[in-house]
Amino acid sequence: MTDKEILDLFKSGQRELAFKEIVNSYSERLYWHVRRFLCSHEDTDDLLQEIFVKIWSSLPSFRGESQLYTWIYRIATNESLNFLQKQKVRAALRFESMSSIIEERIDEDPLMGGDQLQRDLMKAIQRLPSKQRTVFIMRWFDELSYEAISEILGTSVGALKASYHFASEKIKADLKKNLK
Amino acid sequence: METANDILEKIGKPAMGVHEGYFDSLNSRLEAIPSSRTSRPGVWTGVRPYLALAASFAAIVLIGNAVLRDTVKDQSADPFAGIDSYADIISITNPEILYNDPESYFGELSDEDIINYLIESGTRTEHLAYAGEAY
(Lines give C-alpha, C1' and ligand atoms only; values in the text may rest on other atoms or scores of the structure.)
Protein backbone atom coordinates (compact mmCIF):
# COMPACT_ATOMS: atom_id res chain seq x y z
CA MET A 1 0.00 0.00 0.00
CA THR A 2 1.36 3.45 -0.90
CA ASP A 3 1.65 6.32 1.59
CA LYS A 4 -1.17 8.13 -0.20
CA GLU A 5 -3.46 5.11 0.10
CA ILE A 6 -2.59 4.83 3.79
CA LEU A 7 -3.47 8.49 4.35
CA ASP A 8 -6.72 8.14 2.39
CA LEU A 9 -7.60 5.15 4.55
CA PHE A 10 -6.92 7.20 7.67
CA LYS A 11 -8.99 10.14 6.45
CA SER A 12 -11.87 7.83 5.59
CA GLY A 13 -12.10 6.90 9.27
CA GLN A 14 -10.37 3.54 9.13
CA ARG A 15 -7.65 4.79 11.44
CA GLU A 16 -6.59 1.53 13.01
CA LEU A 17 -6.34 -0.15 9.63
CA ALA A 18 -4.24 2.75 8.34
CA PHE A 19 -1.97 2.48 11.37
CA LYS A 20 -1.62 -1.25 10.79
CA GLU A 21 -0.46 -0.51 7.25
CA ILE A 22 2.07 1.99 8.59
CA VAL A 23 3.39 -0.65 10.98
CA ASN A 24 3.67 -3.19 8.15
CA SER A 25 5.42 -0.73 5.85
CA TYR A 26 7.76 0.95 8.30
CA SER A 27 8.45 -1.19 11.38
CA GLU A 28 11.39 -3.08 9.92
CA ARG A 29 12.90 -0.05 8.18
CA LEU A 30 12.63 2.06 11.30
CA TYR A 31 14.02 -0.75 13.44
CA TRP A 32 17.28 -0.76 11.47
CA HIS A 33 17.34 3.04 11.31
CA VAL A 34 17.05 3.34 15.09
CA ARG A 35 19.33 0.38 15.83
CA ARG A 36 22.18 2.01 13.89
CA PHE A 37 21.91 5.00 16.18
CA LEU A 38 21.54 3.16 19.47
CA CYS A 39 23.64 0.03 18.75
CA SER A 40 21.44 -1.95 21.11
CA HIS A 41 18.61 -4.31 20.25
CA GLU A 42 16.86 -3.87 23.62
CA ASP A 43 16.96 -0.07 23.54
CA THR A 44 15.79 -0.09 19.92
CA ASP A 45 12.88 -2.36 20.77
CA ASP A 46 11.79 -0.05 23.62
CA LEU A 47 12.23 3.14 21.64
CA LEU A 48 10.41 1.76 18.62
CA GLN A 49 7.35 1.25 20.79
CA GLU A 50 7.51 4.91 21.86
CA ILE A 51 8.03 6.06 18.28
CA PHE A 52 4.93 4.23 17.06
CA VAL A 53 2.89 5.53 20.00
CA LYS A 54 3.95 9.01 18.93
CA ILE A 55 3.07 8.29 15.30
CA TRP A 56 -0.38 7.06 16.35
CA SER A 57 -1.07 10.04 18.60
CA SER A 58 0.29 12.62 16.10
CA LEU A 59 -1.30 11.14 12.99
CA PRO A 60 -4.55 13.14 13.32
CA SER A 61 -2.51 16.36 13.23
CA PHE A 62 -0.47 15.31 10.18
CA ARG A 63 -1.41 17.86 7.54
CA GLY A 64 0.31 16.28 4.58
CA GLU A 65 2.68 19.20 4.08
CA SER A 66 5.53 16.73 3.86
CA GLN A 67 5.50 13.15 2.65
CA LEU A 68 4.36 10.53 5.14
CA TYR A 69 7.69 8.71 5.10
CA THR A 70 9.75 11.86 5.74
CA TRP A 71 7.40 12.73 8.62
CA ILE A 72 7.78 9.23 10.08
CA TYR A 73 11.57 9.27 9.67
CA ARG A 74 11.68 12.72 11.31
CA ILE A 75 9.88 11.37 14.38
CA ALA A 76 12.15 8.31 14.53
CA THR A 77 15.34 10.33 14.06
CA ASN A 78 14.38 12.97 16.64
CA GLU A 79 13.39 10.32 19.16
CA SER A 80 16.67 8.46 18.61
CA LEU A 81 18.74 11.61 19.03
CA ASN A 82 16.78 12.60 22.16
CA PHE A 83 17.28 9.13 23.57
CA LEU A 84 21.02 9.33 22.95
CA GLN A 85 21.20 12.82 24.44
CA LYS A 86 19.51 11.57 27.62
CA GLN A 87 21.92 8.65 27.80
CA LYS A 88 24.83 11.02 27.26
CA VAL A 89 23.77 13.30 30.12
CA ARG A 90 23.13 10.29 32.33
CA ALA A 91 26.60 8.89 31.50
CA ALA A 92 28.28 12.26 32.16
CA LEU A 93 26.65 12.50 35.58
CA ARG A 94 28.03 9.07 36.41
CA PHE A 95 31.48 10.15 35.19
CA GLU A 96 31.31 7.67 32.33
CA SER A 97 32.08 8.21 28.68
CA MET A 98 29.21 7.60 26.28
CA SER A 99 31.51 6.58 23.44
CA SER A 100 33.13 3.84 25.55
CA ILE A 101 29.65 2.62 26.60
CA ILE A 102 28.61 2.35 22.95
CA GLU A 103 31.89 0.68 21.98
CA GLU A 104 31.34 -1.86 24.72
CA ARG A 105 27.83 -2.48 23.40
CA ILE A 106 29.18 -3.10 19.89
CA ASP A 107 31.81 -5.54 21.18
CA GLU A 108 29.43 -7.44 23.44
CA ASP A 109 26.33 -7.49 21.23
CA PRO A 110 25.66 -11.13 20.29
CA LEU A 111 23.40 -9.94 17.47
CA MET A 112 26.16 -7.89 15.90
CA GLY A 113 27.62 -9.92 13.08
CA GLY A 114 30.51 -9.15 10.75
CA ASP A 115 34.25 -9.13 11.26
CA GLN A 116 36.42 -6.92 13.49
CA LEU A 117 36.85 -4.35 10.74
CA GLN A 118 33.08 -3.92 10.51
CA ARG A 119 32.88 -3.50 14.27
CA ASP A 120 35.63 -0.90 14.08
CA LEU A 121 33.63 0.84 11.38
CA MET A 122 30.56 0.92 13.63
CA LYS A 123 32.67 2.36 16.46
CA ALA A 124 34.13 4.98 14.13
CA ILE A 125 30.59 5.98 13.10
CA GLN A 126 29.57 6.33 16.75
CA ARG A 127 32.57 8.59 17.41
CA LEU A 128 31.37 11.11 14.81
CA PRO A 129 29.74 14.36 15.92
CA SER A 130 25.98 13.97 16.18
CA LYS A 131 25.05 15.76 12.96
CA GLN A 132 27.64 13.99 10.82
CA ARG A 133 26.66 10.65 12.31
CA THR A 134 22.99 11.28 11.55
CA VAL A 135 23.69 12.21 7.93
CA PHE A 136 26.08 9.31 7.47
CA ILE A 137 23.61 6.76 8.84
CA MET A 138 20.77 8.07 6.70
CA ARG A 139 22.84 8.28 3.53
CA TRP A 140 25.10 5.25 3.74
CA PHE A 141 22.98 2.75 5.66
CA ASP A 142 19.42 3.81 4.87
CA GLU A 143 20.39 4.89 1.33
CA LEU A 144 18.07 7.88 1.50
CA SER A 145 18.55 10.59 -1.10
CA TYR A 146 20.04 13.91 -0.03
CA GLU A 147 16.72 15.54 -0.93
CA ALA A 148 14.83 13.20 1.40
CA ILE A 149 17.38 13.70 4.21
CA SER A 150 17.12 17.44 3.66
CA GLU A 151 13.35 17.27 4.11
CA ILE A 152 13.67 15.09 7.22
CA LEU A 153 16.37 17.11 8.96
CA GLY A 154 15.47 20.54 7.60
CA THR A 155 19.04 21.11 6.38
CA SER A 156 20.17 22.19 2.92
CA VAL A 157 21.43 19.56 0.49
CA GLY A 158 24.80 21.35 0.26
CA ALA A 159 25.31 21.23 4.02
CA LEU A 160 24.34 17.55 4.06
CA LYS A 161 26.86 16.73 1.33
CA ALA A 162 29.57 18.55 3.28
CA SER A 163 28.62 16.69 6.48
CA TYR A 164 28.72 13.35 4.67
CA HIS A 165 32.11 14.17 3.15
CA PHE A 166 33.61 15.14 6.52
CA ALA A 167 32.04 12.08 8.15
CA SER A 168 33.50 9.64 5.63
CA GLU A 169 36.93 11.30 5.80
CA LYS A 170 36.91 11.03 9.60
CA ILE A 171 35.88 7.38 9.40
CA LYS A 172 38.67 6.72 6.91
CA ALA A 173 41.25 8.38 9.19
CA ASP A 174 39.90 6.53 12.21
CA LEU A 175 40.04 3.15 10.49
CA LYS A 176 43.54 3.77 9.15
CA LYS A 177 44.68 4.62 12.67
CA ASN A 178 43.27 1.30 13.89
CA LEU A 179 44.92 -0.63 11.08
CA LYS A 180 48.39 0.72 11.97
CA MET B 1 45.17 6.72 -3.41
CA GLU B 2 42.25 5.05 -1.69
CA THR B 3 39.28 7.33 -1.10
CA ALA B 4 36.97 7.12 1.88
CA ASN B 5 34.28 5.57 -0.32
CA ASP B 6 36.69 2.88 -1.55
CA ILE B 7 37.43 1.91 2.04
CA LEU B 8 33.75 1.90 2.99
CA GLU B 9 32.87 -0.27 0.01
CA LYS B 10 35.69 -2.66 0.79
CA ILE B 11 34.58 -3.12 4.39
CA GLY B 12 30.87 -3.31 3.58
CA LYS B 13 27.91 -2.52 5.76
CA PRO B 14 28.20 -4.07 9.21
CA ALA B 15 25.75 -6.92 9.65
CA MET B 16 23.37 -6.75 12.57
CA GLY B 17 20.87 -9.44 13.37
CA VAL B 18 17.70 -10.08 15.29
CA HIS B 19 16.22 -13.22 16.80
CA GLU B 20 14.14 -15.39 14.49
CA GLY B 21 10.53 -14.25 14.24
CA TYR B 22 11.33 -10.96 15.95
CA PHE B 23 9.66 -8.75 13.36
CA ASP B 24 6.43 -10.78 13.52
CA SER B 25 6.19 -10.29 17.27
CA LEU B 26 7.23 -6.64 16.93
CA ASN B 27 4.47 -5.99 14.41
CA SER B 28 1.87 -7.66 16.64
CA ARG B 29 2.91 -5.46 19.57
CA LEU B 30 2.94 -2.30 17.49
CA GLU B 31 -0.40 -3.05 15.87
CA ALA B 32 -1.93 -3.29 19.36
CA ILE B 33 -1.02 0.34 20.16
CA PRO B 34 -4.33 1.90 18.96
CA SER B 35 -6.49 -0.48 20.98
CA SER B 36 -4.42 0.13 24.11
CA ARG B 37 -4.56 3.89 23.61
CA THR B 38 -8.16 4.38 22.47
CA SER B 39 -10.78 4.46 25.18
CA ARG B 40 -14.47 4.26 24.47
CA PRO B 41 -16.25 7.59 24.76
CA GLY B 42 -18.53 7.42 27.76
CA VAL B 43 -20.39 9.72 30.13
CA TRP B 44 -17.07 10.98 31.47
CA THR B 45 -16.06 12.28 28.03
CA GLY B 46 -19.19 14.45 27.86
CA VAL B 47 -18.98 15.75 31.41
CA ARG B 48 -15.22 16.41 31.42
CA PRO B 49 -15.23 19.85 29.66
CA TYR B 50 -17.85 21.19 32.09
CA LEU B 51 -15.95 19.86 35.08
CA ALA B 52 -12.74 21.43 33.76
CA LEU B 53 -14.52 24.78 33.40
CA ALA B 54 -15.94 24.58 36.92
CA ALA B 55 -12.52 23.61 38.30
CA SER B 56 -10.93 26.62 36.55
CA PHE B 57 -13.42 29.01 38.15
CA ALA B 58 -12.86 27.43 41.55
CA ALA B 59 -9.07 27.71 41.12
CA ILE B 60 -9.32 31.40 40.14
CA VAL B 61 -11.48 32.17 43.18
CA LEU B 62 -9.18 30.25 45.55
CA ILE B 63 -5.97 31.80 44.21
CA GLY B 64 -7.50 35.29 44.23
CA ASN B 65 -8.65 34.78 47.79
CA ALA B 66 -5.23 33.56 48.93
CA VAL B 67 -3.38 36.43 47.23
CA LEU B 68 -5.66 39.11 48.67
CA ARG B 69 -5.49 37.62 52.16
CA ASP B 70 -1.67 37.68 52.07
CA THR B 71 -1.69 41.30 50.93
CA VAL B 72 -3.59 42.54 53.95
CA LYS B 73 -1.83 40.30 56.47
CA ASP B 74 0.01 42.08 59.30
CA GLN B 75 3.72 41.57 58.56
CA SER B 76 4.91 42.28 62.10
CA ALA B 77 3.26 39.05 63.17
CA ASP B 78 5.31 37.09 60.64
CA PRO B 79 8.34 35.44 62.30
CA PHE B 80 10.09 35.25 58.92
CA ALA B 81 9.60 38.94 58.07
CA GLY B 82 13.29 39.64 58.79
CA ILE B 83 14.44 36.85 56.48
CA ASP B 84 12.04 38.01 53.78
CA SER B 85 13.74 41.38 53.66
CA TYR B 86 17.02 39.90 52.43
CA ALA B 87 15.84 36.63 50.90
CA ASP B 88 15.65 38.16 47.45
CA ILE B 89 19.10 39.70 47.41
CA ILE B 90 20.96 36.51 48.24
CA SER B 91 22.03 34.89 45.01
CA ILE B 92 20.63 31.43 45.39
CA THR B 93 18.26 29.74 43.03
CA ASN B 94 15.47 29.18 45.49
CA PRO B 95 14.89 31.38 48.60
CA GLU B 96 12.90 28.45 50.02
CA ILE B 97 16.25 27.02 51.09
CA LEU B 98 16.49 29.81 53.71
CA TYR B 99 13.54 28.34 55.55
CA ASN B 100 14.39 24.70 55.14
CA ASP B 101 17.43 22.58 55.63
CA PRO B 102 19.20 22.63 52.22
CA GLU B 103 20.22 19.00 52.55
CA SER B 104 16.69 17.79 53.09
CA TYR B 105 15.52 20.09 50.28
CA PHE B 106 17.99 18.70 47.74
CA GLY B 107 17.60 15.22 49.15
CA GLU B 108 14.17 15.08 47.53
CA LEU B 109 15.71 15.35 44.07
CA SER B 110 16.44 12.06 42.40
CA ASP B 111 19.11 11.55 39.73
CA GLU B 112 16.28 11.29 37.21
CA ASP B 113 14.97 14.75 38.29
CA ILE B 114 18.41 16.24 37.74
CA ILE B 115 18.84 14.52 34.39
CA ASN B 116 15.39 15.64 33.22
CA TYR B 117 16.12 19.21 34.34
CA LEU B 118 19.43 19.21 32.46
CA ILE B 119 17.82 17.81 29.33
CA GLU B 120 14.83 20.16 29.42
CA SER B 121 17.02 23.18 30.08
CA GLY B 122 19.07 22.27 27.01
CA THR B 123 22.27 21.82 29.01
CA ARG B 124 24.95 20.24 26.88
CA THR B 125 27.32 17.71 28.36
CA GLU B 126 30.17 20.05 27.41
CA HIS B 127 28.81 22.44 30.05
CA LEU B 128 28.90 19.88 32.80
CA ALA B 129 31.93 19.74 35.07
CA TYR B 130 32.88 16.42 33.55
CA ALA B 131 32.37 16.41 29.83
CA GLY B 132 33.74 12.96 29.07
CA GLU B 133 35.21 12.20 25.71
CA ALA B 134 33.97 13.89 22.55
CA TYR B 135 31.01 11.91 21.33
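Student: Where in chain A does Phe52(A) lie?

Tutor: In this predicted model, Phe52(A) is part of helix α3 of chain A, which covers residues 41–58.

Student: What makes Phe52(A) count as buried?

Tutor: A residue is called buried if 20 or more other C-beta atoms lie within 10 Å of its own, and Phe52(A) has 25 C-beta neighbours inside 10 Å, so the residue counts as buried.

Student: Which residues does Phe52(A) touch, if we leave aside its neighbours within four places in sequence?

Tutor: With those neighbours set aside, the contacts of Phe52(A) are Val23(A), Leu30(B) and Ile33(B). Two residues are in contact if their C-beta atoms lie within 7 Å. As for Leu30(A), which is 22 residues from Phe52(A) along the chain, the C-alpha atoms of the two are separated by 9.9 Å.

Student: Which residues touch the most other members of the largest nonpolar core?

Tutor: They are Val34(A) and Phe52(A), in a core that has 53 residues. Helix α2 of chain A, residues 15–38, provides the largest share of this core, namely 10 residues.

Student: How do you know that the span of helix α7 of chain A agrees with its number of residues?

Tutor: The expected span is 1.5 Å times one less than the number of residues; for the 12 residues of α7(A), 130–141, this should give 16 Å, and because the end C-alpha atoms are 16 Å apart, the two values agree.

Student: Which residues of α7(A) are buried, and what follows this helix?

Tutor: The buried residues of α7(A) include Val135(A), Phe136(A), Ile137(A) and Met138(A), and also Arg133(A) and Arg139(A). After the helix comes Glu143(A), whose phi is positive, near 55°.

Student: How many helices and strands does chain B have?

Tutor: Chain B has 8 helices and 0 strands, and buried residues account for 6% of its 135 residues.

Student: How many residues does each chain bring to the contact, and which helix of chain A gives the most?

Tutor: Chain A brings 43 residues and chain B brings 33. On the side of chain A that touches chain B, at least two residues come from each of several helices, among them α2, α3 and α7, while α2(A) gives the most, with 10 residues. Sorted by class, that side of chain A has 21 nonpolar, 11 polar and 11 charged residues.

Terms used. Residues are numbered from 1 along each chain as its sequence is written. Chains are lettered from A and ligands numbered from 1 in the order in which they are written. This is a predicted model: local features need pLDDT of at least 70, side-chain atom pairs count only at pLDDT 80 or more; totals for chains, interfaces and linings use all residues. Helices (H or I, at least four residues) and strands (E, at least two) are DSSP runs, numbered from the N terminus. A residue is buried if 20 or more other C-beta atoms lie within 10 Å of its own, exposed if 12 or fewer, and partly exposed in between; C-beta atoms are placed from the backbone. A nonpolar core is a set of buried Ala, Val, Leu, Ile, Met, Phe, Trp, Tyr and Cys residues joined through C-beta atoms within 7 Å. Ala, Val, Leu, Ile, Met, Phe, Trp, Tyr, Cys and Pro count as nonpolar, Asp, Glu, Lys and Arg as charged, and the others, Gly among them, as polar.
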